[in-house]
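Here is a short briefing to read beside the structure. Keep the sequence and the 3D view open as you go.

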Amino acid sequence: MSGPAASDIAAGEVLLSIENVSLSFGGVRAIRDVSFDIKKGEVRAIIGPNGAGKTSMLNVINGFYQPQQGRITFKGKTRSKMQPHDAARGGIARTFQNVALFKGMSALDNIMAGRTLKMRRGLLWQILRVGPALNEEVAHRHRVEEIIDFLEIQAIRKVPVARLPYGLQKRVELGRALAMEPDLLLLDEPMAGMNLEEKEDMSRFIVDVNDHFGTTVALIEHDMGVVMDLSDRVVVLDHGVKIADGTPDEVKKNQDVIDAYLGVAH
Amino acid sequence: MVAFGQFLEIIISGLLAGVLYSLVALGFVLIFKASGVFNFAQGAMVLLAGLALVRSLDFLAAKGFPMWTAIVLGLLFAAVIMAITAWLVERFVLGPLINQDGLTLFMSTIGITFMIEGGAQFIFGSDVYPLRLFPTDAWFLFEKAFDGGILVNKLDVWGGMIAAVLVAGLAVFFQRTKTGRALRAVADDHAAAQSVGIPLNWIWFIVWLVAGLVALVAATVWGTKLGVQFSITFLALKALPVLIIGGFTSVPGAIVGGLIIGAGEKLAEAYLGPSIGGGIEYWFAYVLALLVLLVRPQGLFGERIIERI
Amino acid sequence: MLYRETGQFKTSYSADMAVFPIRQDRIALWILLAVAFIGIPLLDAYQIGPMRGEYLIRAIFIPFLILALAAIGLNILTGYCGQLSLGSGAFMAVGAYSAYKFGTGVHIPLEIFTINIPPLPMLPSILLGGLMAAVVGILFGIPSLRIKGLYLAVATLAAQFFFDWLFIRVKWFTNYTSSGSVTAPELNFFGFFANKPIEKYLVCLVFVTLFALMAKNLVRGHIGRQWMAIRDMDIAAELMGIRPLYAKLSAFAVSSFIIGVAGALWAFIYLGSWEPLAFNIDRSFQLLFMVIIGGLGSILGAFLGAAFILVLPILLEQVPHALGIPITVETVSLLVFVVTGALICWLLIVEPHGFARLWSTGKEKLRLWPYPY
């Protein structure tokens with residue numbers, strides 16, 4: 001494992017730090033020399049117009065894209081590139097813009113899949129499925145059921161996710177991320193396509209996760225109301241460049257942000 | 001000079017054999033390019049076209065028709081058969097499967113393969129039928145420079161010329177005609193193509209028809225080489241390495257791929273074969289394709305797939 | 001009414017996660033096992049009804065069991081883990097020939113020392129055959145880390161054709177017989193001699209039951225979830241910490257092991273004597289059909305698909321006879337081609353997920369019966 005455990009980092013200290021990261025695809029420069037940090041226990045929003053590089057930023061944190069320049073410091077360990085497995089092991093979990101659930105499995109199995117890193121028993125034990133392997137399955141099932149209770153999706157746990165409505169799919173995806181017991185939760189537009197009620201539910205879950213489990217949350221979101229209510233600090237990206245960084249109030253009044261993204265109320 | 005002469009002979013025969021592979025691969029490329037379906041039945045279509053052609057030729061010849069008339073009529077007959085097949089396939093198999101994923105469509109083409117193989121032999125017979133459309137003897141080139149000359153098969157040369165004409169024709173078809181453009185649109189995105197008014201069913205019929213005609217051309221050459229018989233269907237398998245190397249959607253790629261496979265096979269058999277035990281041609285093409293894939297997972301000419309989430 | 005779950009409460013997670021959580025399913029399974037293990041041998045002993053003679057056992061039950069086993073193996077690789085394989089025939093061959101060599105003694109003179117293994121008993125030979133197939137499977141599975149989908153199928157074809165060639169060319173595998181075909185050693189399972197068809201049938205039945213249970217445990221466990229995750233969305237899976245390397249290679253290993261054992265059983269028990277052609281590309285496609293028609297990602301599907309593909313030609317051959325239509329053997333085999341192809345297409349149109357899906361949809365309707373919804 002790498003660096004001090006998250007519990008060694010006190011609440012309020014920097015958990016993740018992005019320093020001078022640049023990312024290009026061929027000729028397209030998705031992220032240009034961006035630096036910001038995320039403090040443990042906070043809810044950090046990443047906002048900006050479409051194409052600003054927000055999802056790419058999450059992908060860099062996750063290890064899915066490797067930046068050409070810059071460094072990422074997570075839990076005290078600095079790397080120039082993050083590998084997906086390191087990110088997952090280190091306690092970073094993620095949801096996706098276009099729900100990336102395992103369509104062939106039920107909701108329960110999807111969330112159980114999130115427990116992979118915690119499962120120890122090898123192939124041979126699983127073949128026999130007695131004793132240690134079975135106990136491990138049952139123990140993880142307990143934890144997953146707690147998450148299912150938390151997200152209020154008991155009724156649909158055995159349903160194949162392909163059959164679920166969009167809003168519930170997003171909830172299952174959140175459950176799958178929570179099953180990893182992450183230190184840092186990356187949410188890519190968790191409210192996209194939801195009506196008011198669903199948004200309120202989702203907001204409640206995010207707040208609960210942050211309050212009760214102490215999980216640090218980084219979220220990309222377009223709904224300004226949600227951003228202002230939920231987040232502790234906001235970073236604003238535009239065309240791959242950071243144009244503002246501060247509390248929601250500060251950012252709301254920032255002229256650059258208003259010009260690029262928020263607009264003025266008429 | 002003998003060794004070099006031998007080498008030239010092997011390379012030339014390999015390249016020309018490769019062109020023949022390309023003829024079959026072209027049919028695959030057409031259908032994949034226009035519908036995203038990997039048509040496993042292409043080999044069976046070559047068989048069907050060949051059987052229709054050779055049986056009608058025999059029939060007409062027996063009735064006393066002069067040779068050239070018989071050939072023209074025979075080709076027309078075979079083309080009609082391929083058109084009927086295209087219509088049947090589109091109406092009863094592909095149409096109902098319009099929104100299914102690639103694997104399902106691929107499996108359905110295997111089902112189609114069985115039906116065509118069984119049906120073709122049931123209607124036209126299951127013997128080996130020799131076809132005599134092209135000269136099958138050989139030239140001996142450069143007899144003065146190389147002892148005995150370099151053996152070049154006339155049939156192979158005919159095959160090369162036909163393939164060249166076919167490729168040129170197909171390139172014009174895809175780039176310049178309205179239908180060709182529509183085919184390319186359909187390959188990119190079914191739903192989008194439909195939304196601009198491109199009739200999907202008609203397009204698929206056209207594609208399978210053209211692929212059927214390509215199969216007919218392939219059948220004329222391969223049928224002369226091997227005789228029209230059931231084992232021709234296995235050409236479909238040999239086309240796979242060709243497609244891997246040349247890319248699944250590239251017409252010139254199919255030619256290049258065929259050349260590489262054809263030459264590679266013959267060279268491997270001649271130079272590696274003796275030390276390992278002979279018969280390498282059986283698997284060399286596939287192993288070559290595998291090695292190419294390890295270096296470039298999308299094939300030599302394929303587009304790099306950039307994953308997005 | 002018959003199939004209701006009401007009243008069946010699960011009081012523990014392990015009960016909920018059992019193989020057959022519904023009581024009616026469990027009863028059906030016990031009945032099936034009773035018929036298979038006890039009923040059929042009894043009927044055979046007393047030569048009652050269709051069990052008279054040995055045709056049913058030799059021509060239907062035994063090949064069904066062995067092919068179903070192979071189909072389970074292929075289903076793990078292609079159905080659960082999503083790696084298309086067109087080379088399963090080759091893995092059967094590896095299992096068969098390895099078991100043959102282990103059963104007849106291995107003698108390899110190397111430069112420094114000689115490997116000399118005496119002929120092993122039947123059961124270890126078969127299992128070691130499976131193990132060799134697993135090793136080969138892992139080897140040919142390595143490309144799957146870079147190559148996906150249809151391209152991977154070509155890689156498996158390379159395995160198929162290579163091994164076709166290997167077992168013909170390299171005479172060592174066939175113990176230098178002149179004809180190229182080999183005969184299995186005596187079927188002696190630690191004192192139980194499987195000579196009569198019913199004895200062979202029982203051996204196959206034991207193998208298949210144990211392996212099916214093993215497979216079911218694996219696909220229910222977290223390696224099964226990893227396989228399915230890789231199949232459904234390998235990027236998301238990797239970002240969750242699932243290692244594609246481990247998941248894919250384990251799928252290749254387990255799948256090839258099972259297919260290898262099936263190959264050894266096919267050669268030793270069903271064929272008795274065989275040559276490499278028994279495991280050629282036709283066999284690979286046959287297994288692939290079974291898996292697709294039976295249902296990808298379903299252990300039950302492997303059985304249903306095997307039954308369908310095996311029984312169909314036999315049925316089709318009988319129909320003209322039964323109707324009294326004079327027809328040549330050749331024509332019949334052509335018609336079998338056509339009908340098989342048509343049925344595959346029809347099934348893909350009606351239910352792309354195969355018989356297993358039809359079965360579970362049927363069960364869902366049965367739960368509501370006699371109400372329509």
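What does the secondary structure of chain A come to? It comes to ten helices and ten strands. Helices (H or I, at least four residues) and strands (E, at least two) are DSSP runs, numbered from the N terminus.

This is a predicted model: local features need pLDDT of at least 70, side-chain atom pairs count only at pLDDT 80 or more, and totals for chains, interfaces and linings use all residues. Residues are numbered from 1 along each chain as its sequence is written, while chains are lettered from A and ligands numbered from 1 in the order in which they are written.

**Chain A overall**

- Chain A has a radius of gyration of 19 Å, close to the 18 Å that the globule rule gives for 266 residues, so it is as compact as a globular protein of that length. The radius is taken over C-alpha atoms, and the rule is 2.2 Å times the number of residues to the power 0.38.
- The C-alpha trace of chain A spans about 65 × 40 × 40 Å along its principal axes.
- Of the 266 residues in chain A, 44% are buried. A residue is buried if 20 or more other C-beta atoms lie within 10 Å of its own, exposed if 12 or fewer, and partly exposed in between, with C-beta atoms placed from the backbone.
- Take the contacts in chain A between residues at least 6 apart in sequence: 67% join residues at least 24 apart. Two residues are in contact if their C-beta atoms, placed from the backbone, lie within 7 Å.

**Domains of chain A**

- Chain A is assigned domain 1 (1–91 + 182–266) and domain 2 (104–181). Domain bounds come from an automatic or database domain assignment.
- The centres of these two domains of chain A, taken over C-alpha atoms, are separated by 26 Å.
- Domain 1 and domain 2 of chain A each put ten residues into their contact.
- On the domain 1 side, α2 (84–90) and α7 (196–212) of chain A each supply at least two residues. α7(A) gives the most, with three residues.
- That side of domain 1 of chain A has seven nonpolar, one polar and two charged residues. Ala, Val, Leu, Ile, Met, Phe, Trp, Tyr, Cys and Pro count as nonpolar, Asp, Glu, Lys and Arg as charged, and the others, Gly among them, as polar.

**Where chain B meets chain C**

- The contact takes 37 residues from chain B and 31 residues from chain C.
- On the chain B side, α4 (102–124), α9 (235–246) and α11 (281–295) each supply at least two residues. α4(B) gives the most, with 14 residues.
- By class, the chain B side has 24 nonpolar, eleven polar and two charged residues.

**B:Ala83**

- B:Ala83 sits in helix α3 (residues 67–94) of chain B.
- B:Ala83 is partly exposed, with 15 other C-beta atoms within 10 Å.
- Leaving out residues up to four places away in sequence, B:Ala83 touches B:Leu209 and B:Gly212.

**Domains of chain C**

- Chain C is divided into domain 1 (22–53) and domain 2 (56–280).
- Their centres, taken over C-alpha atoms, lie 28 Å apart.
- Six residues of domain 1 of chain C are in contact with five residues of domain 2 of chain C.
- The domain 1 side of chain C has five nonpolar, no polar and one charged residues.
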